[in-house]
Amino acid sequence: SSGINAECPLRPGVMPNLYGNLVSNLAAGLVGGAGLVPSKSYGEDIAVFEPGARHTWMEMKGMYVANPIAMVLSSAFMLKHLALHDYGDRIISAIEKVLVKGECRTRDIGGNSTTREMTRAILDEIDVA
């Protein structure tokens, strides 16, 4: 079982935004980097889906080497929230396959692939499904 869908024995943390940002940035470092961690935030009338770690590695701006996985996973979780489970699951499955194959890796997870190459690898896996 992959870490993306695995049940976590930990309880969710509820805290003010500042502390949530600190904890999410630290946790991102433990699992491979900011490019891998999605985020889901729920309010009374809204839900926000975004990469879990922010304000990281600003010097890569414009270099097209950012890992798009956190943003793509956030989008998949949004689709599932909107009851489009099949579409969200297809995207999550494609990401899992790309990571398991290990042929396409951005700098933050030990490779040299670009943002575009990682995105293409995910899209190719979706096309196969």
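Predicted model: local features only at pLDDT ≥ 70, side-chain atom pairs only at ≥ 80, totals over all residues.
View 1. The chain has 129 residues, and 31% of them are buried. Take the contacts with a separation of 6 or more: 54% of them are between residues 24 or more positions apart.

**View 2. The β1–β2 hairpin.** Here we look at strand β1 (residues 38–42) and strand β2 (residues 47–51), which run antiparallel and are joined by five bridges. Four residues sit between β1 and β2, and the two strands form a hairpin. One proline faces another: Pro-38 stands opposite Pro-51 in β2.

**View 3. Tyr-42 and Phe-49, an aromatic pair.** The structure has one aromatic pair to show. The ring centres of Tyr-42 and Phe-49 are 6.0 Å apart and the planes meet at 90 degrees, so this is an edge-to-face pair. The angle cut-off for that label is over 60 degrees. Is Phe-49 buried or exposed? Phe-49 counts as buried, because its relative accessibility is 15% and the cut-off is under 20%.

**View 4. Lys-40 over the ring of Phe-77.** This close-up pairs a charge with a ring: the charged end of Lys-40 sits over Phe-77, 4.6 Å from the ring centre. Phe-77 belongs to the buried residues of α2.

**View 5. Helix α2 and what covers it.** With 13 residues, α2 reaches 18 Å from its first C-alpha to its last, close to the 18 Å you'd expect at 1.5 Å a residue. Its buried residues are Ile-69, Ala-70, Leu-73, Ser-74, Ala-76, Phe-77 and Leu-79. What covers them? The cover includes both strands, β1 and β2, along with helices α3 and α4.

View 6. Helix α4 (residues 115–128) has 14 residues and goes 20 Å from first C-alpha to last, close to the expected 20 Å at 1.5 Å a residue. Buried in α4 are Met-118, Ala-121, Ile-122, Glu-125 and Ile-126. These residues cover an arc of only 140 degrees around the axis, so they end up on the same side of α4. Note that Glu-125 is on that buried list too. Which exposed residues does the face turned away from the buried side carry? They are Arg-116, Asp-127 and Val-128. As for what covers the buried residues of α4, α2 (69–81) and α3 (85–101) are included.

**View 7. Two loop residues with positive phi.** A bit of background for this one: most residues other than glycine have a negative phi. Tyr-64 isn't a glycine, yet its phi is positive, near 60 degrees. You'll find Tyr-64 in the loop between β2 and α2, and it counts as exposed because its relative accessibility is 63%. Ala-83 is not a glycine either and has a positive phi of about 65 degrees. Why does Ala-83 count as exposed? Because its relative accessibility is 54%, and the cut-off for exposed is over 50%.

Conventions. Residues numbered from 1 in each chain as written. Heavy atoms only, no water. Phe/Tyr/Trp six-rings, centres within 6.5 Å; stacked < 30°, edge-to-face > 60°. Buried < 20%, exposed > 50% of the residue type's maximum accessible area, 1.4 Å probe, protein only. Lys NZ or Arg CZ within 6 Å of the ring centre and 35° of its normal. Expected span 1.5 Å × (residues − 1). Arc of directions from axis to C-beta. Contact = heavy atoms within 4.5 Å. Pairing = 2+ DSSP bridges.
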